[in-house]
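Try each one on the structure before you read the solution.

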Amino acid sequence: MKAGAEPAGSKTYSITQLSEEFSITPRAIRFYEDRGLLHPRRDGQTRIYSQRDWVRLLLILRGKRVGFSLAELREILDLYDLGDGQTEQIRRTLETARGKMVSLERQRQDIDQTIAELKTACTHLESQLLERGIDPHLPLPVPRRRRAGAA
């Protein structure tokens, strides 16, 4: 079957149905269409989305949730039609997912290091306030506003 072709009688969806089902705006769906990720057929001005578009939208939203870029998603989705039983698509998805995990692990290390540095800084600053007889856990006083014209 050619890319985008659907067997007769396949379920179809309007943009409103998809947006309600996936809790996203029609504008988001049109955005994915503009980026070449969805391929509805048209009946005049009406977009008619296929079951294939439904599945692609599901995969797009899952991919976005785990940090895949639109370019990565397009590349992965376009591998569906290679005729290899989706082997290359699965391999590319696995490679991309592993890369995301490595990146997130690095980010987590950076965040953990930053938190440790902030804790050290807070401890030092609290000590300075305590040396001045100020409880570091009390809220900051609200500064008084000066009246206009007062020197």
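Helices are DSSP runs of H or I with at least four residues, strands are runs of E with at least two, and both are numbered from the N terminus. This is a predicted model, where local features need pLDDT of at least 70, side-chain atom pairs count only at pLDDT 80 or more, and totals for chains, interfaces and linings use all residues. Residues are numbered from 1 along each chain as its sequence is written, and side-chain values use heavy atoms, with hydrogens and water left out.

**Exercise 1.** Describe how α1 and α3 pack.

*Solution.* Find α1 at residues 15-22 and α3 at residues 51-65. Their axes are 12 Å apart and the angle is about 35° (axes are lines fitted to C-alpha atoms, for helices over the stretch in contact, and angles run from 0 to 180 degrees between N-to-C directions). Then pick out who touches whom, with contact meaning heavy atoms within 4.5 Å. From α1 come Leu18, Glu21 and Phe22, and they meet Trp54, Leu57, Leu58 and Leu61 of α3. Sorted by class, that contact has 6 nonpolar, no polar and 1 charged residues (Ala, Val, Leu, Ile, Met, Phe, Trp, Tyr, Cys and Pro count as nonpolar, Asp, Glu, Lys and Arg as charged, and the others, Gly among them, as polar).

**Exercise 2.** Is Glu33 buried or exposed, and what does it touch?

*Solution.* Go to helix α2, residues 26-34, where Glu33 is found. Its relative accessible area is 15%, so Glu33 is buried. Now skip the neighbours within four places in sequence: Glu33 is in contact with Leu38, Pro40, Arg42, Arg47 and Tyr49.

**Exercise 3.** Look up phi for Ser23 and for Gln86, then check where each one sits.

*Solution.* Take Ser23 to begin with: its phi is near 55°, a positive value in a residue other than glycine. Ser23 lies in the loop between α1 and α2, and at 66% relative accessible area it is exposed. Now turn to Gln86, which isn't a glycine either, yet has a positive phi of about 65°. You'll find Gln86 in the loop between α4 (70-78) and α5 (87-131). With a relative accessible area of 26%, Gln86 is partly exposed.

Terms used. Buried < 20%, exposed > 50% of the residue type's maximum accessible area, 1.4 Å probe, protein only.
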